[in-house]
Amino acid sequence: MSRETSSRSPRIMHIGMGLVCASKIKDMTKAGFKFIVFLADWHSWINNKLGGDMEKIRVCGEYIKQCFTALGVTPDSVEYLWASDIAKDIEYWEKVIRIAKGASLQRTWRALPIMGREMSMIDVETAWIYYPCMQSADIFHMRLDVACAGIDQRKAHMLARDVAEKLGWKKPSCVHTHLLMGLQGPEAVERKFDENADLNVQISSKMSKSIPKSCIFVHDTPSDIKTKINEAYCPPKQVKGNPILELSRYVVFAERESLEIPRPAKYGGPENFGSYEVMEKAYVKGEIHPLDLKNGVTEALVEILKPVREHFRRHPRLLEKMMEIEVTR
Amino acid sequence: MDLEQRIDLVMRNAEEVITPQEIRTLLETKTKPRAYWGFECSGQ
């Protein structure tokens with residue numbers, strides 16, 4: 001990698017996507033599932049991602065595949081499939097139309113994944129209406145038993161379940177994961193994403209790469225990670241709205257059996273916690289200082305992300321391409 | 001791995017599972033159930 005590009009760490013995939021998803025996918029394969037990692041190139045096109053440029057979108061999909069592979073979601077444990085692979089099949093599009101005919105326009109509108117943005121009919125491209133219909137068609141076309149996604153996708157999955165009932169198709173079960181909070185802590189809800197108040201806070205506060213300081217990226221260097229976590233919000237003895245405790249629960253304990261808290265000797269010395277629940281109790285009692293929690297989580301994260309740094313050190317080509325794309329955005 | 005361990009793996013850290021009973025029935029009856037996660041290609 002050239003000096004110019006390595007001088008800033010790439011802000012492409014953050015750990016909310018990289019690690020929370022990778023851990024759940026590994027849980028599912030361990031539980032005996034055949035798992036498909038679906039690279040939604042057509043959907044990204046509709047959502048005008050990367051300028052709606054299909055060539056760049058495909059590069060990004062390949063890059064996502066490499067990140068996940070480095071995090072242990074390997075091509076021999078899951079199947080990587082592109083939306084454009086199934087979009088070649090006319091029967092896929094028949095399903096899209098059947099779904100569109102089986103749901104009211106209002107129902108589909110409510111399932112749009114752009115729900116976060118203030119929407120007026122004038123600003124929304126008609127192509128958007130295909131998006132939830134395609135999300136449902138993906139599920140039926142791949143004959144899936146279970147759809148996994150972040151909790152912000154629940155409306156699209158509910159649409160698929162409703163449509164399944166109506167059309168007599170197999171109803172998909174759903175596993176919805178937590179959205180990691182940004183490091184700045186909970187945000188005041190400015191926009192209405194969902195009718196559910198708790199879910200609103202979760203969606204408003206999620207790690208977002210548009211606020212780089214709120215985010216840990218899978219490529220962050222150990223010193224980036226240390227600085228960001230040191231500056232993060234971490235109220236003592238408090239679980240609710242604590243992004244560092246969240247990281248320990250949804251990232252560290254999802255990937256590791258234990259977490260070492262490097263506490264100074266005069267406060268009881270280092271302690272190894274074998275479960276999140278036990279560690280949370282100790283934190284609430286004040287037996288773990290926020291700074292010690294931060295140090296423990298930093299060390300664990302640096303270790304967990306090491307394979308990504310090593311993978312792209314050995315295979316820098318796709319990352320370089322992605323960074324060129326990022327620069328020209 | 002026994003059924004309960006497999007169910008725990010699916011459920012752990014999940015914000016919501018629809019429905020836990022469906023997952024149980026699925027794992028009891030199907031040897032290789034199919035699941036997916038869709039990703040937009042934007043890195044977000």
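In helix α2 (residues 15–30) of chain A, A:Lys24 and A:Asp27 are three residues apart and therefore separated by about one helical turn. In this predicted model, the side chains of A:Lys24 and A:Asp27 form a salt bridge with an N to O distance of 3.3 Å. Both A:Lys24 and A:Asp27 are buried. The pair is also part of a network of salt bridges, in which A:Lys24 and A:Asp27 are linked with B:Arg12. Side chains of opposite charge can pair when their charged atoms come close.

Two further salt bridges within chain A were examined. A:Glu79 and A:Lys34 meet through their side chains at 2.7 Å, N to O. A:Glu79 counts as partly exposed because its relative accessibility is 29%. A:Lys34 is likewise classed as partly exposed, because its relative accessibility is 26%. The side chains of A:Glu165 and A:Lys171 form another salt bridge, at 2.6 Å from N to O. With a relative accessible area of 59%, A:Glu165 is exposed, whereas A:Lys171, at 34% relative accessibility, counts as partly exposed. Over all chains, the count of salt bridges comes to 19.

Chain B contains two helices and two strands, which follow the pattern α-β-α-β when read along the sequence. Along the principal axes, the C-alpha atoms of chain B fill a box of roughly 35 × 20 × 20 Å. Chain B has 44 residues, of which 45% count as buried.

The interface of chain A and chain B was described next. The size of an interface is often given as the accessible area lost when the parts come together. Between them, chain A and chain B bury about 4200 Å², and carbon and sulfur atoms account for 54% of this area. On the side of chain A, the residues that lose the most area to chain B are A:Phe33, A:Lys34 and A:Asp145, which together make up 13% of what that side buries. In terms of contacts, 63 residues of chain A touch 32 residues of chain B.

Polar and charged pairs were also identified across the interface of chain A and chain B. Five salt bridges are found there, together with 32 residue pairs in polar contact, both residues of each pair being at pLDDT 80 or more. By class, the side of chain A that touches chain B comprises 36 nonpolar, 13 polar and 14 charged residues. A salt bridge joins the side chains of A:Asp145 and B:Lys30, with an N to O distance of 2.9 Å.

Strand β4 (residues 173–177) of chain A and strand β1 (residues 14–18) of chain B run antiparallel and are joined by four bridges. Within this pairing, A:Thr177 has B:Ala14 in β1(B) as its bridge partner.

Definitions and conventions: Residues numbered from 1 in each chain as written. Chains lettered and ligands numbered in written order. Predicted model: local features only at pLDDT ≥ 70, side-chain atom pairs only at ≥ 80, totals over all residues. Heavy atoms only, no water. Contact = heavy atoms within 4.5 Å. Buried area = accessible area lost by both parts, 1.4 Å probe. Salt bridge = Lys/Arg side-chain N within 4 Å of Asp/Glu carboxyl O. Polar contact = N/O pair within 3.5 Å; in protein donor to acceptor, adjacent residues only side chain to side chain. Nonpolar A, V, L, I, M, F, W, Y, C, P; charged D, E, K, R; others polar. Pairing = 2+ DSSP bridges. Buried < 20%, exposed > 50% of the residue type's maximum accessible area, 1.4 Å probe, protein only.
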